[in-house]
Amino acid sequence: MEIKFVKRENLKAKPDEYNLGFGKIFTDYMFMMDYSTEKGWYDARIVPFENLSIHPASTVLHYGSEIFEGLKAYRREDGKVQMFRPMENIRRMNTSAERLCLPEIPEDMAYEALMTFVSTEKDWTPSAPGTSLYLRPFMFGNDETLGVHAVHNATFVIIASPVGSYYKEGINPVRIMIEDEDVRAVRGGTGYAKCGGNYAASNRAGERAAQKGYSQVLWLDGVERKYIEEVGAMNVMFKIAGEVVTPMLSGSILPGITRKSIIELLGREGIKITERLLSIDELEAAMENGTLEEAWGCGTAAVVSPIGELCYKGVKYEVGGGKIGEVTQKLYDTLTGIQWGKVEDTFGWTVEVK
Ligand SMILES: *Cc1c(COP(=O)(O)O)cnc(C)c1O
């Protein structure tokens, strides 16, 4: 694939690595590529980071045809930069594209785009503890008509943002409210796709929970409000009576790469993990009889986020004494160790950026 490079006149000054926040600072360049049904993917380019110019009738602005990915590049102690399972993100993006009737990108083409772009922006990968270069590939339908149909034109972009440590004040367990009104997704809908619309529909419950002092909501299934799905924008896992349980991928749950990695990791450690339906009644019983030992959310941003309190129908339950549990801590240490190159990667999950 030929990737055109448009050089900018002046590079930006690098930010203070101890005050990065999340997704507020962007690097010097972005990757872009366009698609039309006639030409396929064309005009791959790395250009100075700037505002996009799109037609006011562009599909994405009216009908929400948008998908995205999120992954990170990490600075190792030896100065090298590596990514964590990037091919998994590329495959998932194509699954999302199929669901939203957006064009898929051949895996090797998407991989080359990502690698070339990250290589260009490698110097932006911070090295302060817990920091990383967050990568955000995204794609949107870009037809210049108000007609409703599968898209004929699309744009694919990758931007990058140096981000701070998720746990600046140490890992503190969060308070979670179980949402029994709004739902995030339904089977047959777009729950398994990483699309912007899912987030738009989640905001209301998130805001309501925040007003009551909770940091995320725990989603129940969209049909019966009975089975546990996800927590906020993370997958969720529970340790009940010595066994780890996580909701099975039923079609309304996003197949997280952190989730997948934890399943593989626990399998190797000989800790039993089961993917199955988990009802709120079963969880409530486990909270009442004290067999719920640990609970955590998992995703790229936080890696694992321990849950210290769950609130269901106004009743509050403390989890694990409000402290981070043993398995949660071990998973956090191992995964972040592999990602930052401090723990040997025996799975072959990391890829060096040259
Ligand atoms: C991205 C995302 C996750 C986590 O996926 P990772 O690949 O582990 O980052 C979980 N749930 C939702 C809804 C998401 O959008």
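Which polar side-chain atom lies 2.7 Å from an oxygen atom of the ligand? In this predicted model, that atom belongs to Lys-194. The protein covers 96% of the 380 Å² of accessible area that the ligand has on its own. The space that the ligand takes up is the largest pocket.

**Surroundings of the ligand**

- The ligand has 14 residues around it, and those that come nearest are Lys-194, Tyr-199, Glu-230, Thr-258 and Thr-300.
- Sorted by class, this shell consists of five nonpolar, five polar and four charged residues.
- At least two residues of the shell come from strand S12 (234-240), and at least two come from helix H5 (257-269).

- Besides Lys-194, Arg-92 places a polar side-chain atom 2.8 Å from an oxygen atom of the ligand.
- Ala-233 takes part through its backbone, where a polar atom is 3.3 Å from a nitrogen atom of the ligand.

**Salt bridges**

- Side chains of opposite charge can pair when their charged atoms come close.
- The model contains 24 salt bridges, counted with a cut-off of 4 Å between the side-chain nitrogen and the carboxyl oxygen.
- One of these joins Lys-313 to Asp-180, with 2.9 Å between the closest N and O atoms.
- This pair links distant parts of the chain, as the two residues are 133 residues apart.
- Lys-313 lies in the loop between strand S16 (303-312) and strand S17 (315-318), whereas Asp-180 lies in the loop between strand S9 (174-179) and helix H4 (196-211).

Key. Residues numbered from 1 in each chain as written. Predicted model: local features only at pLDDT ≥ 70, side-chain atom pairs only at ≥ 80, totals over all residues. Heavy atoms only, no water. Near = heavy atom within 4 Å. Polar contact = N/O pair within 3.5 Å; in protein donor to acceptor, adjacent residues only side chain to side chain. Areas by Shrake-Rupley, 256 points an atom, 1.4 Å probe, with all protein chains shown as cover. 1 Å grid on protein atoms, 1.4 Å probe; cavity = no way out; pocket = protein on both sides within 12 Å on 5 of 7 lines; lining within 4 Å. Sits in = over half its atoms within 2 Å of the grid points. Helix = DSSP H or I, 4+ residues; strand = E, 2+ residues; numbered from the N terminus. Nonpolar A, V, L, I, M, F, W, Y, C, P; charged D, E, K, R; others polar.
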